[in-house]
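Please look over the sequence and the fold shown here before reading on. The paragraphs below are meant to be read with both in view.

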Amino acid sequence: MSLKLKLIKYAIYLFLLFSLLILITIFYFLTTLPDYSSLKDYKPDVMTRVHASNGHLVKEYSKEYRIFIPIDDIPKDIKEAFISAEDKNFYSHYGIDPLGILRASLHNIKNLVVNKRPQGASTITQQVAKNFLLSDELSLSRKIKEALLAFKIEQALSKDRILELYLNQIYLGAGTYGIAAASNRYFEKELSNLTIPEVAYLAALPKAPSRYHP
């Protein structure tokens with residue numbers, strides 16, 4: 001057998017071995033995934049509000065500042081702003097965004113050279129998986145689970161339901177969770193009354209909520 005044929009043979013063996021290792025890894029992590037079925041009926045804890053007899057708000061009680069808003073009551077420009085900022089291909093991918101991963105990888109190679117902050121490639125669905133079902137641990141195993149859960153969630157829930165969960169759960173600084181609570185705390189407005197600059201500001205907060213919140 002010629003050297004060329006031997007090299008091709010070894011390359012095929014290595015490819016098959018690598019593929020087998022990937023399948024074993026995926027199977028292992030599939031057996032360790034948390035239960036995601038609760039997301040179908042998820043309703044977060046919200047604030048208890050005490051009003052005076054004239055309707056004025058007297059006091060709010062909560063561990064987390066949160067106001068839950070159904071997806072149909074969220075203005076279109078707010079949904080589009082967050083999708084544009086966080087996951088431009090949200091309505092076309094199946095949980096993970098290969099093009100987004102490639103784009104972020106190329107940016108991160110450049111950022112590494114100039115010592116800039118790395119760019120993330122998590123989709124909105126992956127962020128829902130992390131925020132609801134996983135921890136903030138920085139590890140390869142968590143990223144694998146996050147990606148697998150994203151596929152599962154996309155199969156179980158509609159895109160609007162996933163976006164609803166994201167927009168009501170996302171941390172936006174100063175102990176504030178969800179866009180309605182952030183709109184109320186930072187601008188003292190309902191979502192429908194926000195201006196375009198205010199909407200853009202909220203959509204920028206997830207990148208660094210502790211740094212950008214007012």
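This is a predicted model: local features need pLDDT of at least 70, side-chain atom pairs count only at pLDDT 80 or more; totals for chains, interfaces and linings use all residues.

Residues are numbered from 1 along each chain as its sequence is written, and side-chain values use heavy atoms, with hydrogens and water left out.

The chain holds 9 helices and 4 strands, where helices (H or I, at least four residues) and strands (E, at least two) are DSSP runs numbered from the N terminus. Along the sequence these elements follow the pattern α-β-β-β-α-α-α-α-α-β-α-α-α. Of the 214 residues, 35% count as buried, a term that means under 20% relative accessible area, whereas exposed means over 50% and partly exposed lies in between (1.4 Å probe, protein chains only). Among contacts (heavy atoms within 4.5 Å) between residues at least 6 apart in sequence, 59% join residues at least 24 apart.

Helix H6 (159-169) is largely enclosed by the rest of the structure, because 10 of its 11 residues are buried. Among these buried residues are Ile162, Leu163, Leu165 and Leu167, together with Lys159 and Arg161, and what covers the buried residues of H6 includes strand E3 (65-66), H2, H4, H5, E4 and H7. One of the elements named there, helix H2 (residues 76-86), has Ile78, Ala81, Phe82, Ile83 and Glu86 as its buried residues, and these pack against helix H4 (124-133), H6, H7 and H8.

Helix H5 (residues 140-156) can be checked for its length: at 1.5 Å a residue, its 17 residues should span 24 Å, and its end C-alpha atoms are 25 Å apart, which agrees; the expected span is 1.5 Å times one less than the number of residues. The buried residues of H5 include Leu148, Leu149 and Ile153, and also the charged residues Arg142, Glu146 and Glu154.

Within H6 lies Asn168, which counts as buried at 3% relative accessibility. Its side chain takes part in polar contacts, each being a pair of N or O atoms within 3.5 Å; within protein, one must be able to donate a hydrogen and the other to accept it, and residues adjacent in sequence count only if both atoms are side-chain atoms. The side chain of Asn168 reaches the backbone nitrogen of Ile69 at 2.7 Å, and a polar atom of that side chain lies 2.9 Å from the backbone oxygen of Glu164. Leaving aside neighbours within four places in sequence, Asn168 is in contact with Arg66, Ile67, Phe68, Ile69, Tyr177 and Gly178.

Ala174 has a positive phi near 55 degrees; Ala174 is found in the loop between helix H6 and strand E4 (176-177), and is partly exposed, with a relative accessible area of 34%.
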